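Look over the sequence and the model, then read on.

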Amino acid sequence: MKILLVLGTRPEIIKLSPIIRECERLGLDYSVLHTCQHYSYSMDKVFFENLELQEAKYKLDTGSGSHGEQTGKMLIGIEKTLKKEKPDVVLVQGDTNSTLAGALAAAKLQIKVGHVEAGLRSYDQTMPEEVNRVLADHCSDYLFAPTEQSKKNLLDEGIPEKKISVVGNTVVDAIYQNREIANQKRNTLNNLDLTAKNYFLVTVHRQENVDNKKRFSNILEGLKKVKSEFDIPVLYPVHPRSKKQMEQFGLQTNTIRLIDPVDFLSFLQLESNAKLVLTDSGGLQEETCIFGVPCVTLRDNTERPETLEVGSNILAGTDSNKILECTKMMLAKKNSWKNPFGDGNTGIRIVEELSNTYKPTRH
Ligand code: UD1
Ligand code: UDP
């Protein structure tokens, strides 16, 4: 069995790392194609270093651009590589433009596609991520759904049950594999002069929030209200998209502490020790749930409803008063929920399932 993993952004590097690790451990024939949708050191290479991953065998020169331009460039590059590499199966993860390009290029060449984190739905077609995840699911042969809910979403869309397996989310594996290493190698709170459980952590980068001046400034206003109510640091590692948009809209803040994006090991420390996290990130909704840290999601919907059900997360949208109100509500609750995203062996399960499918038949 020959596997090719396609990745391109920060969360894909992190969430595919447990699968890569397992392929390495078993000595499987696998290779990695990096679309280089993310290319800045702090969004890309730092994660390969943190997670001790080899440099990708294939690297495209995609970079930033409009959705069509970016996805089109990737399709061309991925197709060329697939023709050369001839894998039995292509694995993609999540819902980015790299995910869609990987799935589509492989499906068109009649190469089997495995979608890791299949079946998530926000049912909001205005989000580019929703378009990507729906299309990737519908051209996949192996749908690795993290939860029963995501399996149900796929069945509701007519995807045959035999293609779907509920395996958990590799984000749990990534956390379990790296949190001790983070504590041994990093001293992030000290370095940033923070005290455990005495600061808020923020990430905001989604297109629907930061490309919209009103929504982005409402969020910053909400964070200001949180800061003035609790009077503890509000730390925001700023994604490059958000940095660009803040500059373009002339948005400023002197109450929130803005820093550059941090590496995964440092981020695990920041996240696990935060009093509460405010975010529009998909991965952070999951990670906070796993760490037992309350989360306020700065969106109107979520494709991670499991976090709402267990009570680790609440949807605040972008109204500044609602952001403060939701923060107070989450802080008043007990953090005793159960992690719905699996036991940390998702990567092993996925590789095992593929290996069983591709076992050579005896004659
Ligand atoms: C992408 C994903 C999003 C995911 C996020 C993870 C899509 C449609 N969106 O959004 O779902 O949550 O990655 O972080 O695929 N930039 C840099 N350096 C980089 C990368 C980006 O400066 O390494 C800047 C550029 O100005 C670029 C902007 O960020 O135009 C947006 O990058 P892009 O890859 O288009 O989307 P993300 O916002 O990163
Ligand atoms: N992350 C990180 N450094 C940061 C911010 C986030 O390492 O400064 C990690 C975080 O732990 C999570 C992933 O990046 O694993 C989430 O990526 P992002 O929010 O960019 O994407 P999304 O999950 O929304 O697609």
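## Contacts and fold

In this predicted model, take the contacts in the chain between residues at least 6 apart in sequence: 68% of them join residues at least 24 apart. The chain holds 16 helices and 13 strands.

## Overall dimensions

How does the radius of gyration of the chain agree with that of a compact globule? A compact globule of 363 residues would have a value near 21 Å, and the chain has 20 Å, so the two agree. The C-alpha trace spans about 70 × 40 × 40 Å along its principal axes.

## Burial and surface

The chain has 363 residues, and 59% of them count as buried. Buried here means under 20% relative accessible area.

Rolling a probe the size of a water molecule over the atoms shows where empty space is left. How many cavities of 30 Å³ or more does the count give? The count comes to 1. The largest cavity has a volume of about 40 Å³.

Which residues line the largest cavity? Leu120, Pro146, Thr147, Ser150 and Asn169 are among them. The lining also includes Glu286, Glu303, Arg304, Glu306 and Phe341. By class, the lining of the largest cavity divides into 3 nonpolar, 3 polar and 4 charged residues.

Notes: Residues are numbered from 1 along each chain as its sequence is written. Chains are lettered from A and ligands numbered from 1 in the order in which they are written. This is a predicted model: local features need pLDDT of at least 70, side-chain atom pairs count only at pLDDT 80 or more; totals for chains, interfaces and linings use all residues. Side-chain values use heavy atoms; hydrogens and water are left out. On a 1 Å grid over the protein atoms alone, a cavity is a set of points where a 1.4 Å probe fits but cannot get out, and a pocket is an open set with protein on both sides within 12 Å along at least five of seven lines; lining residues have an atom within 4 Å of a point. Grid points are joined across faces, edges and corners, and a volume is the space filled by probe spheres set on the points. Ala, Val, Leu, Ile, Met, Phe, Trp, Tyr, Cys and Pro count as nonpolar, Asp, Glu, Lys and Arg as charged, and the others, Gly among them, as polar. Helices (H or I, at least four residues) and strands (E, at least two) are DSSP runs, numbered from the N terminus. The radius of gyration is taken over C-alpha atoms; the globule rule is 2.2 Å times the number of residues to the power 0.38. Buried means under 20% relative accessible area, exposed over 50%, partly exposed in between (1.4 Å probe, protein chains only). Contact means heavy atoms within 4.5 Å.
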